[in-house]
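Reader: I have the sequence and the model open. Can we go through parts of it together?
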Amino acid sequence: MKSIAIAVLVFGGAFPLISKSNLYVQSAKAKLLSQPKLNAEGISLKLGEVLSPINEQGLFVQVRVSDRSGWVSKLFVSPLPPGNQIQLGISSSSTEAVVARQRASDFTKTAAARGLSETQKLRVRGEGDLYDFDSLRWLESLPRKNSHNLNNENGIQTNDRFEEKSDPMSNLSLLSETQAEVKVGRSLAARILKRFPLNRNKELTVYLNQIGSRIASVSSRPDLDFVIGILESDEINAYACPGGFIFITTGTLKKIQSESELAGIIAHEIGHIVLFHNGEFQQSNLFVDIIAGILAPTGGEVINASTSLLLDQLEKEIFESGRDKQKEFDADEAGVGLAAQAGYPASGLGNFLYTMSKTADQEAFKKTHPDTKVRIAKLVVVEVTANSSNDSIAPDNWQNFKSKLNP
């Protein structure tokens with residue numbers, strides 16, 4: 001008898017956009033450019049517009065739309081069709097819960113009749129020594145959008161000239177690929193939070209999430225609800241998980257000198273996610289998911305064995321082997337472009353890396369990233385073509401918040 005498993009598949013490597021039959025415009029920043037440069041002349045594209053890829057060059061794709069052809073940045077298009085933004089922390093309705101329990105009961109009876117144990121099929125649980133979902137749920141509960149209400153509630157200064165735009169695709173369904181990506185990402189995030197304690201400074205965390213929300217709003221992933229947390233660690237590093245989960249260590253924050261540097265780091269991590277550097281995910285078996293939800297311990301979450309193996313691989317990449325060097329270079333370029341489009345100086349990431357090049361205590365950073373001086377040299381060229389004419393210039397509130405870090 002074949003065992004029942006939740007099938008979450010991931011394919012390594014950067015996502016090859018031209019392997020898909022179509023690309024979809026996901027950002028109002030998308031333009032059909034005359035050259036593969038962000039500051040090249042171009043014609044604005046409509047949200048949801050379908051593009052036919054022809055060729056690739058770095059972070060740009062040559063496409064055809066209607067009777068025109070040109071270049072478009074990968075930062076603003078996606079091989080996934082448009083879909084609703086996923087909502088974190090939403091539980092099923094009471095009716096759905098009753099149906100799910102009935103299905104689980106039927107499965108249990110069938111399994112017993114065949115001598116099978118459903119707890120053996122789903123025995124790896126999201127609790128104990130490997131995961132900290134409690135801290136993750138606290139992080140997910142915090143507000144992340146720039147708004148006047150957020151400013152009033154938390155006393156945080158926001159930029160009145162930057163406003164969240166309503167999603168013109170709000171009537172579209174949530175993609176199963178996005179759901180699968182977030183499931184894996186949440187579990188990996190819970191593992192990271194077991195390795196490093198979460199800093200629960202609400203005001204500082206909300207501030208970082210406001211910056212992340214601002215940057216993510218111009219990217220190609222409106223289907224993700226990006227979540228940024230602070231890790232209590234003297235190591236200098238930041239981590240990007242599938243599904244929009246990002247972590248920055250307190251050691252990194254203490255080295256940052258301006259909000260543009262902070263934005264550059266966050267944008268770099270967002271770049272890994274929007275460029276599919278974690279691979280492609282496929283939806284798990286819905287029936288088994290229902291069973292897994294019923295078998296989950298109180299306050300815990302069930303993670304099946306195959307997903308656990310995948311998490312082992314992703315965790316090893318984050319903390320030991322690091323990503324492929326080209327992925328890091330691509331994320332640098334993506335980060336500069338995204339930060340600039342969101343109203344930050346394009347030099348932020350490069351300035352931080354320059355500080356890092358003069359810092360001795362960066363062993364963990366060196367272990368998982370290319371040579372810092374090489375990255376700086378490459379960014380010099382990128383910064384010239386990433387400058388944006390964005391009228392909404394982000395303020396620099398970093399010094400007001402840096403003081404909230406423990407010495």
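Reader: How do S8 and S10 run, parallel or antiparallel?
Author: Strand S8 (residues 227–231) and S10 run parallel, joined by five bridges. Strands here are DSSP runs of E with at least two residues, helices are runs of H or I with at least four, and both are numbered from the N terminus. Two strands count as paired if DSSP finds at least two bridges between them. This is a predicted model, in which local features need pLDDT of at least 70 and side-chain atom pairs count only at pLDDT 80 or more, while totals for chains, interfaces and linings use all residues. Residues are numbered from 1 along each chain as its sequence is written, and side-chain values use heavy atoms, with hydrogens and water left out.

Reader: Which residue stands opposite Ile248?
Author: Ile230 does, with Ile248 in S10.

Reader: And S9, how many bridges to S10?
Author: Four, and strand S9 (residues 238–241) pairs with S10 in the antiparallel sense. Cys241 stands opposite Phe245 of S10, and Tyr239 has Phe247 as its bridge partner there.

Reader: What about the hairpin of S9 and S10?
Author: Three residues lie between the strands, and Gly243 takes a positive phi near 80°.

Reader: What is the strand order in the sheet?
Author: The order is S8-S10-S9, in an open sheet of three strands with mixed pairing. S8 and S9 are at the edges with a single partner strand each, so one side of each has no neighbour in the sheet. From one strand to the next the twist averages 20°.

Reader: Is S10 buried or exposed?
Author: Buried, meaning under 20% relative accessible area; exposed is over 50% and partly exposed lies in between, with a 1.4 Å probe and protein chains only. Five of the five residues of S10 (residues 245–249) are buried, so the strand is largely enclosed by the rest of the structure. Phe245, Phe247 and Thr249 are on one side, Ile246 and Ile248 on the other, and both faces are covered. In a regular strand the side chains alternate between the two faces of the sheet.

Reader: Which strands does H8 lie across?
Author: Helix H8 (residues 259–274) lies across S8, S9 and S10, at about 145° to S10. Helix H6 (residues 202–216) lies across S8 and S10, at about 140° to S8. Axes are lines fitted to C-alpha atoms, for helices over the stretch in contact, and angles run from 0 to 180 degrees between N-to-C directions.

Reader: Different topic. Where is Gly348, and what does it touch?
Author: Gly348 is in helix H12 (residues 348–357). It touches Ser260 and Glu261, leaving aside residues up to four places away in sequence; contact means heavy atoms within 4.5 Å. Gly348 is buried, with a relative accessible area of 1%. Gly348 and Ile265 are 83 residues apart in sequence and 8.1 Å apart in space, C-alpha to C-alpha.

Reader: What about H5, how many of its residues are buried?
Author: 14 of its 20 residues, so to speak mostly covered. Helix H5 (residues 176–195) reaches 29 Å from its first C-alpha to its last, close to the 28 Å expected at 1.5 Å a residue. That expected span is 1.5 Å times one less than the number of residues.
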